[in-house]
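I opened the model today to look up a few places in it. My notes follow in the order I took them.

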Amino acid sequence: MSITTIRIATRQSPLALWQAEYIQQRLESIHPDLTVELVPMTTKGDRILGTPLSKIGGKGLFVKELEQAMLEDRADIAVHSMKDVPYKFPQGLELKVICEREDSSDAFVSNNYHNLDELPVGATVGTSSLRRKMQILALRPDLHITDLRGNVGTRLSKLDMGQYDAIILASAGLIRLKLGDRIASRFEPEQILPAPGQGAVGIEARTDSPELDALLAPLQDEETAYRVKAERIITQTLQASCSVPIAAYSTITDGTLSLRALVGGIDNQMIEASAEGPAETAETIGTTVADSLLAQGAKEMIMALGTES
Ligand SMILES: NCc1[nH]cc(CCC(=O)O)c1CC(=O)O
């Protein structure tokens with residue numbers, strides 16, 4: 001029996017819908033006879049948007065309902081921002097493809113200032129990401145970092161209402177929502193190292209679906225897949241939840257993959273490691289970097305931060 005329809009389980013935030021529609025369009029243009037439908041749903045993570053993510057059980061809350069829908073055959077695939085996907089997949093589901101990466105940088109967004117250097121002493125910067133917070137404070141220890149949650153649009157309106165002098169968002173999200181003109185400046189990876197997988201979209205589906213796999217395969221971007229694989233080894237090896245400040249970013253130049261990772265601890269302590277090698281050895285490179293972080297005490301730093309709720 002051949003597949004005629006693919007159902008995409010999706011959250012209903014503008015960014016999630018953009019991602020699902022992007023995959024819908026790509027699949028329909030590669031396979032003109034295929035019908036691709038969206039199955040919109042609300043996740044627990046969407047229902048409790050006011051609570052800090054690290055206090056309510058983490059990013060997994062945004063994917064659980066989507067995964068349940070696939071396991072119960074109410075949907076066939078889910079499209080994720082790779083930075084939001086926990087490293088562990090439930091029994092019966094797996095990551096199928098990783099698509100070409102958008103700009104993976106973090107963006108400085110402000111109505112009054114061009115970049116971090118321009119901010120006056122003691123200015124207020126909005127972000128709920130511990131990864132962004134630790135790196136901003138390393139650059140500008142005087143700044144006040146305050147919580148900022150919600151969809152990209154919500155975060156921008158909080159900035160516009162004057163609650164913050166600046167906020168930090170992923171460039172990719174803004175560009176996808178055609179809000180790229182809100183980016184005052186992009187951070188270089190040397191200033192703020194991105195989250196593992198930032199800017200890349202991936203597709204999850206049931207393991208027992210070779211025919212579906214064949215339909216999805218053309219969406220894979222090999223370079224992005226190697227990069228994201230290397231970056232995600234860090235979170236996986238350290239078994240880091242989203243309440244751990246962790247950054248990992250890689251590039252590929254002439255077939256050589258270079259990976260750098262950071263882990264933060266209490267009192268703005270920060271350790272880092274890097275390694276490089278042939279892109280095909282992405283996993284080994286990831287393991288090398290993770291082992292170096294472990295040798296520097298990453299596990300102990302993470303434990304000292306407190307356990308995941
Ligand atoms: N944490 C929310 C989230 N998840 C994915 C993106 C967009 C960027 C991406 O796809 O990596 C964003 C917004 C942001 O961090 O500003």
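In which sense do strand β5 and β8 pair, and over how many bridges? I find strand β5 (residues 106–109) and β8 antiparallel, joined over four bridges. I note here that this is a predicted model.

**Entry 1**

**Entry 2: the domains**

I wrote down the division of the protein chain: domain 1 (1–99 + 200–220), domain 2 (106–186) and domain 3 (221–309). For domain 2 and domain 3 I read 24 Å between their centres, taken over C-alpha atoms. On the domain 2 side five residues are in contact with seven residues of domain 3. I sorted the residues on that side of domain 2 by class and got four nonpolar, no polar and one charged.

**Entry 3: the ligand**

Which residues surround the ligand? I listed Leu15, Ser81, Lys83, Asp84, Val152, Leu169, Ala170, Ala172, Gly173, Gln198 and Gly199. By class, this shell has five nonpolar, four polar and two charged residues. β8 (166–170) and α6 (171–176) each supply at least two residues of the shell.

**Entry 4: strand β3**

β3 is mostly covered, with five of its five residues buried. Ile77, Val79 and Ser81 point one way from the strand, while Ala78 and His80 point the other way. In a regular strand the side chains alternate between the two faces of the sheet.

I checked the partners of β3 next. Strand β1 (residues 5–10) pairs with β3 in the parallel sense over two bridges. The bridge partner of isoleucine 8 in β3 is isoleucine 77. Strand β10 (residues 201–206) runs antiparallel to β3, and five bridges join them. Isoleucine 77 also stands opposite alanine 205 in β10.

**Entry 5: alanine 78**

**Entry 6: cysteine 242 and the records**

I looked up the UniProt annotations, which come from an unreviewed entry. The entry lists Cys242 under "modified residue: S-(dipyrrolylmethanemethyl)cysteine". In the model, cysteine 242 lies in the loop between α8 (222–238) and β11 (246–253). Cysteine 242 counts as buried because it has 23 C-beta neighbours inside 10 Å.

UniProt also lists residues 226–294 for "domain: Porphobilinogen deaminase C-terminal", again in an unreviewed entry. I found this span to be 38% helix and 38% strand, with its end C-alpha atoms 22 Å apart.

How many bridges link strand β12 and strand β13? I noted nine, with β12 (residues 256–264) and β13 (residues 270–278) antiparallel. Valine 263 stands opposite isoleucine 271 in β13. The hairpin has five residues between the strands, and aspartate 267 takes a positive phi near 55°.

Last, I looked at glycine 277, which lies in strand β13. Is glycine 277 buried or partly exposed? I have glycine 277 down as partly exposed because it has 16 C-beta neighbours inside 10 Å. Leaving aside neighbours within four places in sequence, glycine 277 is in contact with Thr256, Leu257, Thr284 and Ile285. The C-alpha atoms of glycine 277 and serine 258 are separated by 6.8 Å, with the two residues 19 apart along the chain.

How values were computed: Residues are numbered from 1 along each chain as its sequence is written. This is a predicted model: local features need pLDDT of at least 70, side-chain atom pairs count only at pLDDT 80 or more; totals for chains, interfaces and linings use all residues. Two strands pair if DSSP finds at least two bridges between them. Domain bounds come from an automatic or database domain assignment. Two residues are in contact if their C-beta atoms, placed from the backbone, lie within 7 Å. Ala, Val, Leu, Ile, Met, Phe, Trp, Tyr, Cys and Pro count as nonpolar, Asp, Glu, Lys and Arg as charged, and the others, Gly among them, as polar. UniProt positions are given in the numbering used here, feature names are shortened, and annotations may be inferred rather than shown by experiment. A residue is buried if 20 or more other C-beta atoms lie within 10 Å of its own, exposed if 12 or fewer, and partly exposed in between; C-beta atoms are placed from the backbone. A residue is near a molecule or strand if its C-beta atom, placed from the backbone, lies within 6 Å of it.
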